Amino acid sequence: MMYRVQGILGTKSKLARHFGIKVSTVNDRIKKGMTLEEALTKPVRKTYTVDNKTANLTDLSKQYGIKLATVSTRIQSGMSVEQALKTKVTKRPVYKIGDAIFTLSEISKIANINRSTLSARLKNGMSIEEAITKPLAGHNTVGKHTGSLR
């Protein structure tokens with residue numbers, strides 16, 4: 001069957017190719033109540049390329065075995081899409097400092113600040129940067145840093 005959309009005549013398949021969208025996406029959109037023109041012209045979700053795989057976040061999160069909610073939260077917290085997909089899932093939260101990702105235990109060791117002190121500071125609303133740079137109670141300096149966080 002031939003259709004005309006925005007002055008272009010063709011089969012649904014040819015129109016889909018012209019508008020740069022998969023026929024299956026067009027068909028799914030029509031089933032959900034869109035007109036053919038709406039189905040063809042509505043922008044497709046943004047795609048990303050990681051390890052030569054190009055897909056939307058939903059598909060990439062499935063390929064990497066990480067929940068979409070986890071990936072989205074990581075991106076909102078400042079991670080790149082690649083970091084969000086490749087960072088090992090732990091039951092413990094991870095923190096981004098500069099371009100690196102750390103667990104609270106790792107930060108505690110590097111910054112030489114008790115893990116429970118860092119945890120309490122975070123629970124009290126401090127950012128991770130504030131938690132590691134605030135001087136320890138009764139001290140004039142921050143914990144003795146034994147490594148680099150940047």
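The legends below describe close-up views of a predicted model.

**View 1. Helices α1 and α2 where they meet.** Helix α1, which spans residues 12–19, and helix α2, which spans residues 23–31, have axes that come within 9 Å and cross at roughly 110 degrees. With angles of 65 to 115 degrees counted as roughly perpendicular, α1 is therefore roughly perpendicular to α2. On the α1 side the contact is made by K12, S13 and A16, while α2 contributes V23, V26, N27 and I30. Sorted by class, this contact of α1 with α2 has four nonpolar residues, two polar residues and one charged residue.

View 2. When residues up to four places away in sequence are left out, S61 touches I66, K67, L68, V71 and L85.

**View 3. K88 in the loop between α6 and β5.** K88 is found in the loop that lies between α6 (81–86) and β5 (94–97). The relative accessible area of K88 is 66%, and because exposed means over 50%, this residue is classed as exposed. Between the C-alpha atoms of K88 and M1, which are 87 residues apart along the chain, the separation is 49 Å.

**View 4. The buried residues of helix α7 and what covers them.** Helix α7 runs over residues 104–111, and its buried residues are L104, I107, S108, I110 and A111. The elements that cover these buried residues include β5, β6 (100–103), α8 (115–123) and α9 (128–133). After α7 comes N112, a residue whose phi is positive, with a value near 55 degrees.

**View 5. Helix α7 crossing helix α8.** The axes of α7 and α8 come within 9 Å, and the angle at which they cross is roughly 120 degrees. Since 65 to 115 degrees is the range for roughly perpendicular and only angles over 145 count as roughly antiparallel, α7 is oblique to α8. The crossing in which α7 passes α8 is right-handed. In this contact α7 takes part through L104, S105, I107 and S108, and α8 through R115, L118, S119 and L122. By class, the residues of the contact of α7 with α8 divide into four nonpolar, three polar and one charged. Among the residues of α7 in this contact, L104, I107 and S108 also belong to the buried residues of the helix.

Key
Residues are numbered from 1 along each chain as its sequence is written. This is a predicted model: local features need pLDDT of at least 70, side-chain atom pairs count only at pLDDT 80 or more; totals for chains, interfaces and linings use all residues. Side-chain values use heavy atoms; hydrogens and water are left out. Contact means heavy atoms within 4.5 Å. Axes are lines fitted to C-alpha atoms, for helices over the stretch in contact, and angles run from 0 to 180 degrees between N-to-C directions. Helices (H or I, at least four residues) and strands (E, at least two) are DSSP runs, numbered from the N terminus. Angles under 35 degrees count as roughly parallel, over 145 as roughly antiparallel, 65 to 115 as roughly perpendicular and the rest as oblique. Ala, Val, Leu, Ile, Met, Phe, Trp, Tyr, Cys and Pro count as nonpolar, Asp, Glu, Lys and Arg as charged, and the others, Gly among them, as polar. Buried means under 20% relative accessible area, exposed over 50%, partly exposed in between (1.4 Å probe, protein chains only). A crossing is left-handed if the near helix is turned anticlockwise from the far one by less than a right angle, and right-handed if clockwise.
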